[in-house]
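Dear colleague,

I am passing on the structure we talked about, and below it you will find my notes on what came out of it. Please read them with the model open beside you.

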Amino acid sequence: MSLSPTVATRSACESLLAELERRRLAGECDLKPLGDTLAAVPPTAADDPGNPPPRRRGRPAKGSTPAEPPPLSPGLASLPVYLGEFWTARQRQVHSIHEVSYRACFKPQLPAFFLDHASAPGEPVYDPFMGRGTTLVEAALRGRLPAGNDANPLSVQLVQPRLQPPPLTAIQQRLTEVKLPLRPPADDAERELLVFFHPDTLAELLGWRDYFAARRAAATFDAVDGWIEMVACNRLTGHSRGFFSVYTLPPNQATSVKAQRRINERRDQQPDYRDTRQLIGRKTLKLFRDPLPAGYGRDAPLLLSRSADHTPELDDSSIALVVTSPPFLNVVQYDKDNWMRSWFAGRDIGEVPFWQSSSLPLWVDRMRAAFTELHRVVQPGGVIAFEVGEVGRGKIELEHQVLQAAVAAGLVPLAIMINQQNFTKTANCWGVANNQRGTNSNRIVVLERKG
Ligand SMILES: C[S@@+](CC[C@H](N)C(=O)[O-])C[C@H]1O[C@@H](n2cnc3c(N)ncnc32)[C@H](O)[C@@H]1O
C-alpha cells in the first residue's frame, strides 16, 4: 500500500516553532540554548532518593555506565530547548479506545500535541516503534492517516482492531454464540500455566487459542475475532478480578512461571475461576465508552512488523509527521514481558530482533539506522518528534545521543522539548507513598527532514 503525500501550505516546522514561541511569550514555557541546559534541568522523581521512580525511567540500564554526553558541536550548542508543561496528564482527556496496557507506552497527549501543531487532517502520520499504537490511534481520532511499525508482531494485533473496530453488537453476539473447544492442558508447558489460571479458566483460554487457530487456518478469522483476541491478550494477567489470572504483575509485564509460584506461596493464594467471555465483554464496553468520530476506521492503516531500519513497504517521502519513542537501551525486556501474550496470540517472538542492549554506542548506531530510514520516508519539510527517556536515574540524557545519530543521518534538529508535569501521587505505586510530589518528564528531540 502507498500513502499519498499531501503538500502543506504552511510548513509543519514553521507552525510548530510558532506555537512554541507563542507559549514562551505567554510565559507558559522557558527557553534556553542546549549548551546551558544540563545544569538547568530540575531533578525529576527519578532523582529523588526518597521517591523511587517507575521502573521504566529509573532503573539503570544493566551494564551501562552513566556516560558524559558527547561534546556538542558549535551549531548544536545554540539549539533551543523549551521547558514547560505542554500538555496535561489528565486521564479524562484521553479517548477510551487507547486504554490497553503496554510497556513504556507514552500518553496520548504527547502525539496529540504534535498532530495538532505539525500536521493537518488527511496527512500520513507514522510511528516506527508503535507499541500499543498510541500515535496511530490518536492520529486516526484526529483525522490523519495512520501508519506504523514495530518489531514485535503482537503490536499489529493490538493496534489493528482498535484502528478499525467492528460494531459493538457483532462483538457481543460472537461472545455469546461462539462454541469454544474447551480442553485440559495437553503438555507440560500448558500445564504450568495452572500457576496463573484456574483449570476452568485455562480450559477456556486453550479453547480461545484453538478457536482462533482454526479460524485462521480456514481463512475465516475476521475483525470480530481480531477484536476479541486483542482484548483477551490484555486481560490475561494483572492485579485485579478484571483479569483472567490470579494476582500477579501488572498486565503489561508477564512474570515467569517460577516467579509466579513464589508470588502464590508468599500471598498464600490459588487461582480462582474467571469467566473469560464476561471479562472480555466488560473490557470491550470500556474501550467503546467514548464515541468514535465519524469516518474513524474508514481507511485501512499501513501496519508493519519489521525492524525500524528496514521498512520497504513505505514509499519515499510519503510521511508528513513522525511521533515516536524507541526502546531505551535495555530498560525494558520486550521479549520477556510479552511471553504470555505472544503464547496466547500464537506468535513466536523468540527470534524477533528487539533492540534491547545496554551498549550505548550500539544504541546510537541503531538509532542512526532508524533515522536514515526515516529520512527516506518523511517528506521534505516533515517533522520527526522523537521521545527519549532518562536512563540511569537521569544520568544518561539520551537526547544528546539522539542528536548525534539524527545529524549523522542527514536530519536537521529544530528544538528539544522537555515536557514537565508536576503531580501529587494519589496511589501507592512502585512503593511510593501517597501524596508525595514529583515530576514526570518527557524529553523530545524535534527534527526536520529538509528538502
Ligand atoms: C518505548 S516502546 C514504544 C511505545 C509506544 N510509543 C506506545 O505508546 O505504545 C518501544 C517499542 O520499540 C519496539 N522495538 C524494539 N526493537 C525494535 C526494532 N528493532 N524495530 C522496531 N521496533 C522495535 C518494541 O517492541 C516497543 O514496542
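At what angle do helix α7 and helix α11 pack, and how far apart are their axes? Please bear in mind throughout that this is a predicted model. Helix α7, which covers residues 154–163, packs against helix α11, residues 223–235, at an angle of about 125 degrees, and the axes of the two helices lie 9 Å apart. Because of that angle, α7 counts as oblique to α11, and the crossing in which α7 passes α11 is left-handed. On the α7 side the contact is made by Gln157, Leu158, Gln160 and Pro161, while α11 contributes Ala223, Gly226, Trp227, Glu229, Met230 and Cys233. Sorted by class, the residues of this contact comprise 6 nonpolar, 3 polar and 1 charged.

Turning to the ligand, there are 21 residues around it, of which Cys105, Phe129, Gly131, Thr134 and Ala151 come nearest. The shell that these residues belong to consists of 13 nonpolar, 6 polar and 2 charged residues.

As for the protein as a whole, its secondary structure comes to 17 helices and 11 strands, and of its 451 residues 43% are buried.

Notes: Residues are numbered from 1 along each chain as its sequence is written. This is a predicted model: local features need pLDDT of at least 70, side-chain atom pairs count only at pLDDT 80 or more; totals for chains, interfaces and linings use all residues. A residue is near a molecule or strand if its C-beta atom, placed from the backbone, lies within 6 Å of it. Ala, Val, Leu, Ile, Met, Phe, Trp, Tyr, Cys and Pro count as nonpolar, Asp, Glu, Lys and Arg as charged, and the others, Gly among them, as polar. Helices (H or I, at least four residues) and strands (E, at least two) are DSSP runs, numbered from the N terminus. A residue is buried if 20 or more other C-beta atoms lie within 10 Å of its own, exposed if 12 or fewer, and partly exposed in between; C-beta atoms are placed from the backbone. Axes are lines fitted to C-alpha atoms, for helices over the stretch in contact, and angles run from 0 to 180 degrees between N-to-C directions. Angles under 35 degrees count as roughly parallel, over 145 as roughly antiparallel, 65 to 115 as roughly perpendicular and the rest as oblique. A crossing is left-handed if the near helix is turned anticlockwise from the far one by less than a right angle, and right-handed if clockwise. Two residues are in contact if their C-beta atoms, placed from the backbone, lie within 7 Å.
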